[in-house]
Structures are given as C-alpha cells and as structure tokens.
Amino acid sequence: MFKIAIVSAAGGVGRSTLTASLAILLAQREIAVLALDFDPQNLLSTLFGSGEASLGGLLPDFLTKKEFGKSALVNSNGVACLPFGRANETSLVTFEQHLRAEPEWLSKCIAQIDYPSEAFLLIDTSRLPSLYARQAIVAADLVLAVLAPDARSLALLPAVEATLSRCAPGSQLIYVVNGLDSTRTLQNDLLARFRSTLQMRLSPYPVHRDEAIPRAVANRTNLQSLSPDSLVAHDLNGLLNWLLAGPASSLDGKV
Amino acid sequence: MRHWIVRHLGVFRLDQPSLWLKRLFLLSNTDELTELAHLKIKSRPEPLDWLAEKLGVVDKRSVRQWLLYLFIFPPGHAARTETSLWSTLLTLSVSLINLLFLTIEWIVQAGVRTLRWLGQQLLSFLPAVDHEALGRRLEGWLETPSFRKPLLLWLLVLLSIFFFWLIVTTPFTWFGQFLFLVCLWGTALFVQRIPGNLPALILIALSVLASCRYGWWRLTQTIPLDSGWETFLAICLLLAEIYTWLVLLLGYIQNAWPLKRHTSSLPLDTSLWPSVDVFIPTYNEPLKVLEPTVLAAKGIDWPSDKLNIYILDDGRRDEFRRFAKEAGVGYIIRPDNVHAKAGNLNHALKLTHGEYVAIFDCDHLPTNSFLRSTMGWFFKDKRCAMLQTPHHFFSPDTFERNLGTFRRVPNEGALFYGLIQDGNDFWNATFFCGSCAVLRRGPLEEVGGVAVETVTEDAHTALKLHRLGYTTAYINIPLAAGLATESLSSHIGQRIRWARGMAQIFRIDNPFLGKGLSFFQRICYSNAMLHFFYGIPRLIFLTAPLTYLYFEVHIISAAAAMLAVYVLPHMLQANLANAHIQGAHRHSFWAEVYESVLAWYIILPTALAIFNPKAGKFNVTAKGGLIEHSFFDWTISKPYIVLAALNIVGLTIGLVRFFFWNTFEMGTVLLNLTWTAYNLLILGAAIGVATEARQVRVSHRVSTNLLAALHFMDGSTRMCRTEDYSMTGLGLLLDREFELPVKERVWISLWYGEVECTFPARVIASHGNKLGVQFDNLSIEQEANLVQCTFARADAWRNWSNEQDVDRPLQSFKEIAIFGFKGYRSLWRNLVKGLTRQRQLVRS
Ligand SMILES: Nc1ncnc2c1ncn2[C@@H]1O[C@H](COP(=O)(O)OP(=O)(O)OP(=O)(O)O)[C@@H](O)[C@H]1O
Ligand SMILES: [Mg+2]
C-alpha cells in the first residue's frame, strides 16, 4: 500500500481539500484508495458527500477497542474514507496520551488493514506541529506538504523540514502549492521563490484557487463531474500524474 | 503610336534613353505616372462616330479602346436601354470566353486524371519491392572495406569517365535514343523510391548523363549554320540552354550531400560561456514591429551578465530611445546612414565588446533557445566564424497569399534554407544571410566588419571569411521567425536587391578568382551568383517557340521527333532527380513560376551591376502595409501580360499552321504548340500572383495549438486551447459550447515550460465553442511574457512544415495549370472591372 501523509504548517491551506480531491481522482482511475482522517476536526467525510460529520470513526473504535478501520465508509465514487469520529475533550486526552506513549501506533494499525498492495492510503492530518501529523509522517512512505502562495507558508518552510527530519528522516518530502491566484503578481513571485528553493521537490502543477472547489462541496458533488474543464481539475490531474510518475513511483514494491 | 507608348509607359521625355530603360525594366513609381485625362472631342457626324457611339468608345483615337469595346467589353446597361444586335453579340463574346476558360480547365483536369490512372495501372504490374530495406542495404554496401582501396577507386573513376564519354557522344537513331529514354526513365523511377542519399547520387548521375547527351547532340547536330538570322536566334537559345545546363550541374554538386547538422551541446559550466551582443538594426520600421523582437531577444536563455541587446536605430527616433530605456536594452545611433545596414552594424561593432555578435533583423523574433542551440558549434569548431539559422516566416508571402498555398506548398525560401544551405554546409560554404545568425567578433573584425562594397553585404562577408580560411556552419532548425514581405512589389524589390548584390560580388570579388577558397566553395558561390542571371534565359524560353510560330524560323534544326526523344530524357531525369533531392523543399515546376515572376525585373539590375558595379540605386522596395482591398497589380504584371498576349497570338497562329499552312511538318508545329501552351500556364500563374489578395490583420495571427486557461471575474476558471495567437489577441477553442458576453473582462493563462503567465483581456467574439479575446493594455513585462509564451517558445516553429503536401510532379503540374487558368480568369475579370470603372469615369 502506498501511504501518503498530507501535512502543512499553516492552517486552512487545503490539506483536506487536496486529500479528498486526490482520493476521488484515484478512484476514478480505478485505483483502490482509502482516505484516512487523522484530524480531530473530523471533517474529511463531509468532503466526500456526507451531510454531516460522521459519528463513528477511528477514535470511537479505539475507545471501544474495536478493530481499526471497522467504521470506514464508502461513497458512490468508490472512495473509502475512515473518519476520525466524534470526539470530546476527555476522549481526546486519553487518545493523545496513548499516541504520545506509542509514536508508531498509527503505523501498526495501518499494517493490520488488509488492503491490496497497489492501493493508496491518503492521510489527512491537523496542522503542524501536532501529534497526529507526527504519527502520520511516521506511518507514511511519502509526505506531501501543502503550501499556500503567501509569506506565511514561506516562513514556515524550515519548520516542516525540521519536523520531518526529526520524525522520519528516511521519508521523502515533497511539496505542492494550493490556492494559487495566478492573476496576482505577488503570488506568482512567491511561486517562483518556492520553485527556486525547492526545485524538483515542488510539484510542477500548482493547484489554482478556483470557485469550482467550494461550489462542488456546497453541491455535494465531486469537482471532476461538476466542472471537468476547470483549471483546478487540470491541476489536480497533473499533480496526480506527477505523483504517480515521479515521487510515488519510487514506492513501488514497498508494502 | 508614339503617343500611346508615352502614355502607357510614362516616358515623358522621349529623347532620354535612361528613362526608357527605367520605365521598361523597373517598377514604376506610382506618383510619377500621371494618368492623362481622356477628353471627348467634338466632331462632325461620321460613320465611325456612329459606331463609336453605339459601342461606347469614348476616345476614338485609342486603338486599345476600339479593340476592347469591340471584342471584350460587355455593353453596359447604363449607356443604352435598347438591346441592339451589337450588344447581344458583345455579351455573347464575353460569355464565350468565360466558357472557354471553363472548358480548358476541365480538359486539363481530365487529362491529368487519366495520366495518373495510367501510371497507377503500370505500377500495379510491377512486383512489389521493399525500398526502405534496399536503401539500408545500399548504405551498408558503401561502408564495405573494398571501397576504401584508393587504387580501385581511381580505376573505377577512370572507367566511369570512359563509359560516360562513350554514352554521351555515341549517336543513336531515333529508335535507339528512344530505348535510351525508356531505360533511363525506368531505372530512375525505380531508384527514386529508395530513400537516402546514395539513390539521390544515382539519380543525379543519370540526369547528368541524359543532359550531357542532349547537350552534345544539340551542340554538334542542331545548329542551323547557313542563314544569318536563324543562326543568331539559334545561338541565343543555345546559350540560354547552356546556362541552365551549367546551373543544373553546379546545383547537383552543391546539393550532392546535404550535411543536416545537429545542435552541439555547450559545456555544463556556464562560466565558460562567452558573452554575446545581440544587434537589432532598424531603419524605418514602426515600433510595433521592433518591440516583440526586442522582448524576445531579452528572453533568450543565456547568463544575463553575458547577454547584451542593442537597438541600432538608423532612424534616430525618440520613441525608440524611450522604448529601449523602458525595456532595459542598449540603444545605439550614428550621425549618418552611410552603407545602410552594413554601416550600421559596423558602427555598433566599434562600440561594443562581446565575444560574439548575434544579428536579428528587426522583424525576426528569436526563440529563447536560440543561443543554447547554436553556440555549441563555436566550442566544437574553433575556426568557426559564423553560424546561420533559417529565416522562417510565420505569415504567408505574396505567392502563398495570392495563390492560397500557405503551409501546403513549400515557399520560395524553403529551397534555399531547407536544402541549399545544408548542401553548402557540406562544402563549408554556408552563406551569411544577414539575420538570425551568430558571428565571432574576432574574424568579423579581421575582414573589416560587415562588407560594404555590395548591396548584399551578408553573402559578401561570408565570402571574405571563407577566403581567410574560416569555417561557417548552418543549423536547419528555425530558431527565429518573422513576417514575410507583404506585397508582390516589395517581394520583387527585395529580390532585385539580392540579384544586384550577387551580380556585384560576381564582378568585383569573383569567387572563381582570388585566393583562399576550396574548389567546391568556389562552385557553391558561383552557383549562388549565376543563379541570379536567369532573367534573360527565362525570357528566351518564354518566347523561343514564337520564332517558329510567327515567322517559321527553325531555331533548332532537327526533326521534331528526334528533338523530342533527346530533350525528353534530359527534362525527365532532371525533374526526377530534383524531385528526389528537393521534393520536400520545392515542388516540381514551382521554380518556373517563381523565376518567371522575377525574370523581367532582374535583367537590368544584374546586367548593370556586371558592367558597372558601383552604379545607381535600385532600391524600389515598396513598403506595402496592409492590403485592404483585393486588387490587381497592373503595373507589375505588365511584362507578363505582354508575354502572355504574345504567346496567345502564337498559339492561335500555331493552330492555323497545324491545320492549314504547315501540314507537312505537323510534328514541329505540335512541339512548338506544346511549348507555348506550357509557357502560357506558367505565365498565367505569374499573373495570378499579381492579384493581391486582401490582408486585413494588423498583427499576423499564428495558428498553433497551445494550452491556455480562462479566469472569469466570478473566480471560476476554464481550460482551453489556442487556435491562433498574435501580439494583440488570441483565438481560443473550448471543449464545449460556451457563450460569453462581448466586452466581458477575463484573464488568460499561457505557459512556457512550467511558468504560467496571465494576461488581462476582453472578449471580442464568442461563437459556439470559439472565443476571440483581445489583450487589455498589457504592461511591458506582460508583453515580454506574452512573447515568451508564444513566438519565443523553443519549439514554436519546430514542426511547421509537417502538414505540407509531398511533392508529386503530376499533382504539382496540375496545381500550376489551375493557377495558370485562374490567373487568366482573374486578369479577365479585372480587365472588365477596370474598364467599366474607366468608362463610367469618362462618361460622368
Ligand atoms: N484550490 C482551492 N480553490 C478554492 N478554494 C479552496 C481551494 N483549496 C481549498 N479551498 C477552500 O479553502 C478552505 C480550507 O480548505 P481545507 O479545509 O481543505 O483546508 P485545510 O488545510 O484542511 O484546513 P484546516 O487547517 O482547517 O484543516 C475550504 O473552504 C476550501 O473549500
Ligand atoms: Mg482539514
């Protein structure tokens, strides 16, 4: 199974959006995919068309000592999603204590799930620094860091690098820019900055800011069927192709 | 008569011979030609007057009017209301001629179709051969060691010379010669299908054989030596033939083995890369033309501290100075304009210091990979002084526009840049063409800068470099592109300059004399120069059959059948060999059209340059801008019209000879008739070129399929592809139908490599899934980005000629025949139109 953790140091840059979009695209290409919500916000399932945040999920399962992955849902596009599940303060405290004690908890749990070897696992996380993201990074083969084309993301770049080298020095870290408004000179300049510092590690396909994304969420449809010829649909396809041809292709054989 | 000539040629001083020459051979200056008003003269009633009134002839002394009104002109309704016998008759003649055009067109088409069908039938009888495999085997065979022994080689050469001489000089009976024709032709048809260079050499050998044999026979057996007049004409024809024979042979040598050089890589360490000065000379072109070129040059991929761009403004315009400052490039002017472009470049050479100089005419936009693709050769070959790349045009030239062959038939320049330069390169004789080239500063200064002695400074500079033993290189990859000449008159003007310059070099720095050149370099240069002397020979060929048809003069003293079996292999083999060598760059028979258009106009400049290389200025380049309405260029087409008229009369006389007067030598008449008919077709095509088609766009649109994206004001986006682009707007193609209000503001994304650039624009047309947008006040950075995303892309012109038709001689002939007819039809229509207008003018 190819495990990709989607992380970012800044909040609201589109981790969940990218996770969901990539999952849907993979499913459309008939590649088995599981999206794992490892963020207490528990919102990922809403991006797959569910009306409200799911009650069940990996946290309730953990508390009731059920098998990991029991409460995964599958939507009409064939995307499987394992929600975080509803949490309250006390349950979170217990859970986080456990996570702190066992940094490889998620890794182990994932190893237990029986999934085809060529399947993809996409892990949405909460923003760095966080216990959840750290567990995801340890578990993943590839870490995809999301950047917004703004000064904040640029300033936080070293933090991301540091976290990765601390948690999982062996993992591969790549970047993607999301929410680019290319009609703004400033954003284009920032993109150029990212390009020159990150070089080959930055996806050549920045994902543009596009009304089609919130519109698809509001209509509870997926982007690819709502506006297939939008620029952002093109970007996401490009991003996935790049992942499959480059970074993710080196995952071949790793199970 | 005198009066008529004066009026129609614009010779206003009869006793001034130079004026006659000028008017006859040069393009006339429209403002010098003043139309003389037709005055109506009051006169006594006369029978002639009555007829004139009936016909509508206004100027009774004008022979032309009488002729035209009698035979050609449809009687207008405005003039008379009653339908007389006369007018019906006249209308009849008009429609009859129209009908004639249609019938002949149909007959020719049908003829070509049957010929093609016959050819296919014949081929289907023959066994199938894998020509590709054969080609490979041939190449391998050449590599075998037995070919490496010098003794064997010399023996082979001696033997071949002996047999060659034997075949050329042995007289055959007509039947023997006929067999010779069939054998050669059969072999050539077979060899022609094998790809590669060796088969081309075999075809060349066959062609040389056939041509030499024809030449020998012509020289020894067909000159009428008994009568003075006949002998004189015969020798004229013979000389013209010798000229074409010579040019054919020289051309074969020149193009025997096109080098087809690839790009050479640069050292990885960019600190080793040399500094380059980019010169963009300009004189009177508008800023609009220069701007994209400068922006494209700025985008050339090269270390920025080693790339300096200079505008060399001979017009000394403030507007240009401001632009140079804004764009951040150098601006150089000089106090005078001596030696035009060459002087301008030399002046800039003194003020700059880059190790290399790249030169772009102000309307040639370089692509960003220009230096990266070219500079490698200077590292590889330390003696290399100049590297030339093709002049590529993204707009149709006059021929392409007026005949509608853009991107379908290779244009006039394609042969030179597609083949001849590659051929020259093999002999280390690549010419410098004035633009889109890189020169090493050292050697250039060694020869005293760009040559100033002739009007084709570029070729002359290369010659000087070669004489000093430097090498030159050619890369046949279009790395820059520009606009083609706009009108026929400017095209002719430009060619006149080339012809004159080449003739000047031939005279003052003859490549066959002087030191420093290899034998083959001499051949390449001589051919390039001799080529421009085709004026008189071409005219001779266009009129030669008339001597017989008009005066029954036999300028070739041989039986028609004998002439046919000798001349046919010569022409067939030359055609087949050239189709094989040049097919991709020049379709069969097009050379005739290109040359016929120019023949008349280059005679005098070349002749004068030979006799007095320093004489006069002939720069008649009429800078046409837009051609707003289609029109027929009467001034320029005058010589072709005269020639065509002569040939038509000849054809008519010939028909009479065939059926009544010369029935005893029908073969001869037939031969001359065929020749005349062929000439007429070529002339027709030349006339067709003079019908200037409308050209409306200010900035030419290049059709290319590029990725683009639209950003709408509400934050949504849409991917699309471009249909065409220009500096002012885009044509876009969407996947699905999409209506947008006109004037709607949008942003457009285009990419070069990974870099995305966005441009503000407004919708100007929206129709189905097509969208036209116009850019909205681009800043200079945005314009630079636009150039980078479009004209300056490294692969912008890479696959330009992929969609071109392949050369099929019959198809090509058919096409030219059709153009010929269309030319006459257009001439006819314009004649009628022009006369109607004139009559109305005179009446009112
Ligand atoms: N490319 C885009 N174009 C337009 N809107 C986008 C784009 N990407 C994300 N958004 C919007 O930005 C908002 C935040 O996105 P998202 O929830 O995916 O970010 P996140 O990084 O997961 O945030 P959080 O830190 O809260 O988890 C959402 O409303 C989403 O619709
Ligand atoms: Mg989120």
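Analyst: A polar backbone atom of A:Gly14 lies 2.9 Å from an oxygen atom of ligand 1, a polar contact in the sense of a pair of N or O atoms within 3.5 Å. This is a predicted model, in which local features need pLDDT of at least 70 and side-chain atom pairs count only at pLDDT 80 or more, while totals for chains, interfaces and linings use all residues. Residues are numbered from 1 along each chain as its sequence is written, chains are lettered from A and ligands numbered from 1 in the order in which they are written, and side-chain values use heavy atoms, without hydrogens or water.

A backbone N or O atom of A:Gly12 is 2.8 Å from an oxygen atom of ligand 1, and A:Arg15 contributes a polar side-chain atom, 2.9 Å from a ligand 1 oxygen atom. Altogether 16 residues surround ligand 1, and the closest are A:Gly12, A:Gly14, A:Arg15, A:Ser16 and A:Thr17; a residue is near when one of its heavy atoms lies within 4 Å.

Elsewhere in chain A, the peptide bond from A:Leu128 to A:Pro129 is cis, with omega near -10°, and A:Pro129 sits in the loop between strand 5 (120-125) and helix 5 of chain A; helices (H or I, at least four residues) and strands (E, at least two) are DSSP runs numbered from the N terminus. Helix 5 (residues 131-139) of chain A packs against helix 3 (residues 89-101) of chain A at an angle of about 40°, with their axes 10 Å apart, the axes being lines fitted to C-alpha atoms over the stretch in contact and the angles running from 0 to 180 degrees between N-to-C directions. Helix 3 of chain A is therefore oblique to helix 5 of chain A, given that under 35 degrees counts as roughly parallel, over 145 as roughly antiparallel, 65 to 115 as roughly perpendicular and the rest as oblique. In the contact (heavy atoms within 4.5 Å), A:Leu92, A:Phe95, A:Glu96, A:Leu99 and A:Arg100 of helix 3 of chain A meet A:Leu131, A:Tyr132 and A:Gln135 of helix 5 of chain A. By class, this contact has 5 nonpolar, 1 polar and 2 charged residues, where Ala, Val, Leu, Ile, Met, Phe, Trp, Tyr, Cys and Pro count as nonpolar, Asp, Glu, Lys and Arg as charged, and the others, Gly among them, as polar.

In chain B, helix 24 (residues 590-611) and helix 26 (residues 666-689) pack at an angle of about 65°, with their axes 9 Å apart, so helix 24 of chain B is roughly perpendicular to helix 26 of chain B. The residues in contact include B:Val593 and B:Val597 of helix 24 of chain B together with B:Tyr678 and B:Ile682 of helix 26 of chain B, and by class there are 7 nonpolar, 1 polar and 1 charged residues. The axes of helix 23 (residues 560-582) of chain B and helix 26 of chain B come within 8 Å and cross at roughly 40°, which means that helix 23 of chain B is oblique to helix 26 of chain B. Here B:Ala560, B:Leu563 and B:Ala564 of helix 23 of chain B touch B:Gly667, B:Thr668 and B:Leu671 of helix 26 of chain B, giving 4 nonpolar, 2 polar and no charged residues.

Definitions and conventions: A polar contact is a pair of N or O atoms within 3.5 Å; within protein, one must be able to donate a hydrogen and the other to accept it, and residues adjacent in sequence count only if both atoms are side-chain atoms.
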